[in-house]
Amino acid sequence: MKQETKEKKKPTETVATLPEHGPLDENGREILLSVRNVDITFGKGDNAVKAVKNASFDIRKGETFSLVGESGSGKTTIGRAVIRVNPCAGGEILYKGVRISGKIPRSLDREVIRNIQMVFQDPAASLNERATVDYIISEGLYNFNLFENEADRVQKVENMITEVGLLPEHLTRYPHEFSGGQRQRIGLARAMVMEPELVIADEPISALDVSIRAQVLNLMKKFQQERGTSYLFIAHDLSIVRFISDRIAVIYKGDIVEIADAEELFDFPLHPYTRSLISAIPIPDPKLEKNKKLFTYDPSVHDYSKEKPELVEIGNNHFVYGSPTEIAEYKRIREEGVSIKPVTILTDEEKAALDAEAQPTGDVINEAILNKPLHDTGSLWYTIASFFLPIIGIIAGLIFKKKNHISNFKACLKGALIGIGVFVFIVALFLLMLWSATL
């Protein structure tokens, strides 16, 4: 687990081919993928945005490692960096102990493509609309010659399309003829037919019907059991992640804030952001769900002005991001061994009192509406129209003002005043020219 600390390491030399096995951790398990102190930045100069900051974690062979966080937290960015789509601004990514980030030999690049596949979040954008489903699934087989003859290729493709819940007759159709969920299954079949060692599943079931989700997850588990496939499972739904993951990493605005085994994370969610995600999981009982009090994460509770935060192991294979003071508190809580419950169920009386306190009064609602009406945009077109028709613009502006559309009133007034000023200037210039001509 040393790879998951913030400790700086020497650059790893790149070789032309991948070894048969990766390095072993202290427990003798093979480490398939290592992300070491990775930074990913978009843009340059003052416009640069650091999407991922100093991310570190390991994925062992045959396990499901989940990366969880809200939209925009950097989950997909890390996944795309592993398949060499997003370049790393700092740190390195190792596959079986070999550096695969940055510039690598072409032979190694082909091996990486062969061994690491990705199921993309947007199936519509990741499938070639001009190709049939048969070709889409077979493209990898063609590129790497992974079939003995045409009959073998057809058999592999038909078996795979059936396993993901579609029919062989769908192979002659095009992606636009399918629903979003069906396109997601085609993307899953395209990745799995390559028999990869590592699959990066970016929200693979978010577009699927509820009745199909369990089928796809069971299919992924089947591949894992039969072929030893490892998964980097990217999601935001912790309720699903809990039951399919061996380990879970929680990411917030580019920082990995917590890493732990699945049950450990749910029993002891130490970081406040992790607690907020767990509290958002729906409860099957409607009454309990109605009376649930959400735990809201407030980043201002952290004071990193004096003490810099780090991702530190606190025991039990549990890593938490925080300052030295916070880490000491996290260790104390974990050593007590009392499960943390981020969800609070209120009584009916407590719920009613909380709702009454949070509900704004009618005067506040009306005041908010009057302060900024929905269509009070101050559009440029009001200014242009009032410029050419200043009298009508002034009338319209007075009507807007009466309706409390202040931005629209100002736009009309501005255009009308400019229009009147230009008209007066033109008339004065014409009279001056006329006077000069009569002298």
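Predicted model: local features only at pLDDT ≥ 70, side-chain atom pairs only at ≥ 80, totals over all residues.
Reader: Which element gives the largest share of the lining of the largest pocket?

Author: Residues are numbered from 1 along each chain as its sequence is written, and side-chain values use heavy atoms, leaving out hydrogens and water. On a 1 Å grid over the protein atoms alone, a pocket is an open set of points where a 1.4 Å probe fits, with protein on both sides within 12 Å along at least five of seven lines, and lining residues have an atom within 4 Å of a point. Among DSSP runs (helices H or I, at least four residues; strands E, at least two), β6 and α4 (133-144) each supply at least two lining residues, and the largest share, five residues, comes from α4.

Reader: Which residues are closest to the centre of the largest pocket?

Author: The volume of this pocket, the space filled by probe spheres set on the points, is about 380 Å³. Of its 14 lining residues, the closest to the centre are I113, Q117, E139, G140 and R190.

Reader: Which element gives the largest share of the lining of the second largest pocket?

Author: This second pocket has a volume of about 280 Å³, and R242, F266, I278, I281 and V343 lie nearest its centre. Both α8 (238-244) and α9 (262-267) supply at least two of its lining residues. The largest share, four residues, comes from α8.

Reader: Which strands stand at the edges of the open sheet?

Author: The eight strands have the order β6-β7-β8-β3-β9-β10-β13-β12, with mixed pairing, where two strands pair if DSSP finds at least two bridges between them. Each edge strand has a single partner, so one side of each is left without a neighbour in the sheet; these strands are β6 (116-119) and β12 (310-313).

Reader: How many bridges join β9 to β10?

Author: Strands β9 (residues 247-252) and β10 (residues 255-261) run antiparallel. Within this pair, V250 stands opposite E258 in β10. The number of bridges joining β9 to β10 is six.

Reader: At what angle does helix α1 run to β8?

Author: Helix α1 (residues 75-82) lies across β3 (64-68), β6, β7 (198-202), β8 and β9. Axes are lines fitted to C-alpha atoms, for helices over the stretch in contact (heavy atoms within 4.5 Å), and angles run from 0 to 180 degrees between N-to-C directions. The angle of α1 to β8 is about 150 degrees.

Reader: Over which residues does pLDDT stay under 50?

Author: The protein has a mean pLDDT of 87, with 93% of its residues reaching 70 or more. The stretch that stays under 50 is residues 1-9.

Notes:
pLDDT = per-residue confidence, 0-100.
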